[in-house]
Amino acid sequence: MSATLLYALTGCALFALGLGATVLVTEPLRRVLAFNVMGSGAFLVFVGLAQRAGVSDPVPQAMVLTGIVVAVAATALALALIRRLERDDDDAR
Amino acid sequence: MNVAVVFDGVLAAGLVWAAAGALLGRDRYRAVILFIVFGLLMTLAWVRLSAPDIALAEAAIGAGLTGALLLDALGGTTAATAGRARRWMVLPLAVTVAAVLAAVLRALPVRSGPLPDAVSAALPESGVTHPVTAVLLNFRGYDTLLEVAVLLAALLGVLGAVRHAEPVRLASAPVLQAAARVLVPLMMLAAGYLLWAGAHRPGGAFQAAAVLAAAAVLLALVGMISGWGRPSLRLRCAIAAGPLLFLAIAAPLAGRAALLVLPPQHAGLLILLIEAGLTLSLGFLLAGLFLALLRSDPVDTGKR
Amino acid sequence: MLIAWLIVLPLAWALAAWLAGARRGATIACAGVLVQLLLALALAREVAAHGPFTYAVGGWGAPLGIDLHVDGLSALLVLLTEVVALPLVLYTRAWLVAQEQDGTYLWPLLGLLLAALHALFVSADLFNLYVTLELLGLGAVALVASGGERKQLAAALRYLVASLVASGCFLLGVAVIYGIHGTVSLADLAERVPADPTTPTLLAGALMLLGLMIKTALFPFHGWLPAAHGSAAAPVSALLSALVVKASFYVILRLRLSVYSGWAEQLDWLPALLGGGAILYGSWCALRAERLKMLIAYSTVAQLGYLFLLFPLLAVGELALTAGALQILAHALAKAALFAAAGIALLASGRDSVAGLASLAGVLPLTWFAFGLAGTSLMGLPPSGGFLAKWLLIDAAIMRGQWIMILLVVASGLLAAAYIFRILSCAFRSAEREQAVALRPVPRTMEWVAFALAAASVLVGLEANAIAGLLGTGGAR
Amino acid sequence: MLEFASTALMLLGAGFFFAGTVGLLRFPDVYSRLHALTKADNLGVGCIALALALQADGLASALKLLLIWPLALLASAAVSYAIAERAHALGTPLGDAGADDPP
């Protein structure tokens, strides 16, 4: 059980935790945290699994780099929507 | 050898603990702080997986920018705590899914795919010596082109959603401004170094852009620059310049046979050009994701 | 070369439209989509003449670089994207003027969305598909939210969370596939995966399928679609229902035909079962819907389920694929026409309830004609494209002896007729005509666009052999 | 010799971190905790950076490692000022041992 595979299995745990929390927790901000954790889990599995034989592989690393940038874009959009929804709440109250 | 195994074990446990704390904890403020801790632990994990580029990106973007966005979002929202009812259902579901995934992945034969050798074989013609940058900007440059489009879509979505906000300028704090005056030039220097180093060492356009964005976030927080209302034409041109340059280089123009063909003899120069353009534009873009969302300081408006 | 421009051009004019501001942005968008339509026509003609071709981006070739594979089906869908996009761009321009809104963020987002659609239909690389799906999802969410109203923002947030969960599952599937086979190129995987039906590959396939089903809003996962398509602006929901939702279905079809073609026969009943459930549930909700756009959105849920009936019949070969392609074409055009007409009704009467349509009885004849024509195509009455799709599907079902399938196909036609007549019946209720509310003038171009889209949906039936020809040369293996 | 010096510095750094954490847990109010954190931890960072610099392979990487220390000092000084100023603005009381806040 090499170290990289340990990180791949941690990735599975994080993915499952994130998936469960995104689906079940109803509070919007917590859901943003959840799908970020889910994404990080998937990235860990991507690199951990690809490098389980100990050979460092640049292709999944480049893909995960793309994934992290996409994740921050999605997070910013989600937070903007939450901001507007809760600003309308404040005005409504 | 076992010290490394202990370290990995503790780090893996720490990751899961921080993630569970962030997602299932009661108080929102603690959750965001734990999420930032989770981002920093992820950075360590990427270093252990010998992926320095991702560690840089995770620290700058995953923990840094996302953390700043979350803390800023936390300021205004009412401290409603998540409904207890459905949260206990998360753990059993997570444990079963994780068990299934782990069981299947453990059984896989331990071998490495063909691509690492293919990359090192094609590296000489890629124009750069660092494999990750070669994959990111030459072999799979098409993914990066679409990824820049994703960032643009997100910025347009953010600006479209909060467009009515007039630009906000936080109260200026003289001491912090002094610190910012020292830090910001150093951050710009670091961004330039990361951009230049990307060709032969871990670094590159996205990490450099994230550092530039961090400098802009710092300036905004200390009240030296204001948030964004409706971005002026100059700002929009700055953001569009990098992607347009990338498109111009990528498009099959002037004899280049196909999309994104970088002739080997001056591929290095072209990649540096693309990366420089992207660093500047994505720096503004990532900063824009934060500045468009900037809110007035809750303490001043007494909305505690 | 054509395909490169079909991806670079929309990105370029999206940026130009953002820099130019709202007013000039509209003209840039119209010009851009017009040029793209010509490029798409040329691409379709080239594929029909020389058959499918593979295009190595950056010149590096499959496992290392990214390949684009253009065959009959993808050329047809790129052409469909442009055929639907051009009228909708004209419609949106008139719609924005009538609503006194400036589309500063609408035009660039439209450009990014079209680029994502083109890139997705021709991609032959799993991770590239992930990035295009993500661009499609974020672009669609941003478009839904660009309206600025509260219920649009709530629907956009729910759509975004569903889309991100789906992308996460799809990405994990890609990660596991890369871990096992060391490549993400569809061509390489098409050789390796069918010969290796081990559980990890099956698990990766299940994860990808789950993600794509959520993005296609198939029955148990359709929760986000009615709110998003129902509350978005009319042209936006037309674009989303006609094209964006179909993109992830196309990816499922592409994976099923090439990578998971080996031993997927036993699993084909699952999508068909869910598809049947979607037809019944979607139609039932459409019958009960109060608001007009919600009715049309639930009709999308039903018609998408209809597409999934295709899977058990794929073993028949070309016939099933042609039926599926026709159904995608007919439904895209008909649904775009319905949402366009609904937008006109909303603009004119100011009320979006189905009952509110009665105040339009006897007014706006062209819009009612568009409703009728689009309805015939959804119901599957001859000679519309919808009818031909249903006919070919029944043929394939008879060949495979799937009797329940025939029952479902006919039932879906009847249920579609039921909720379409709910709309059309309002046209003849002259009783409510007297207390008609003061109707606002509707720009003629909007009515002509709705009518043109509906007519195109019927014409698809007449042009079927040309479509079958295009598919025949390039039918995915 | 170098090996011995860097391990000694490493242990010293760890000691400072330990002291900082104890301070964080034990001190009564925000202000004194800030003291513990900024003072002890910064020395810890300094020692560890020095220890690593001794073992760095080249002068360039040694200098880059040493650059971490002033940056950490600047950052923690600015951050602790901001926290203290905000805590004071929100009127968090001084610890029970301290005298009342001067008017």
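Cavities. I looked for cavities of 30 Å³ or more and noted 10 in the structure; a cavity here is a set of points on a 1 Å grid over the protein atoms alone where a 1.4 Å probe fits but cannot get out, and lining residues have an atom within 4 Å of a point. The model is predicted, with local features needing pLDDT of at least 70 and side-chain atom pairs pLDDT 80 or more, while totals for chains, interfaces and linings use all residues. Residues are numbered from 1 along each chain as its sequence is written, and chains are lettered from A in the order in which they are written.

Largest cavity. I noted a volume of about 150 Å³ and a lining of 15 residues, with Phe35(A), Gly39(A), Ala71(A), Tyr130(C) and Leu164(C) nearest the centre. Helix α2(A) gives the most to this lining, 5 residues, and the lining divides into 9 nonpolar, 5 polar and 1 charged, with Gly counted as polar.

Second largest cavity. Its volume is about 120 Å³, and its lining includes Asn36(A), Ala71(A), Phe35(B) and Glu58(B). The largest share of that lining, 4 residues, comes from α3(B).

Chains B and D. I found 11 residues of chain B and 8 residues of chain D in contact, meaning heavy atoms within 4.5 Å. The buried area (accessible area to a 1.4 Å probe lost on being put together, summed over both parts) is about 860 Å², of which carbon and sulfur atoms give 79%. Helix α8 (residues 174-197) of chain B gives the most to the side of chain B that touches chain D, with 7 residues.

Note on methods. Side-chain values use heavy atoms; hydrogens and water are left out. Buried area is the accessible area (1.4 Å probe) that two parts lose on being put together, summed over both. Helices (H or I, at least four residues) and strands (E, at least two) are DSSP runs, numbered from the N terminus. On a 1 Å grid over the protein atoms alone, a cavity is a set of points where a 1.4 Å probe fits but cannot get out, and a pocket is an open set with protein on both sides within 12 Å along at least five of seven lines; lining residues have an atom within 4 Å of a point. Grid points are joined across faces, edges and corners, and a volume is the space filled by probe spheres set on the points.
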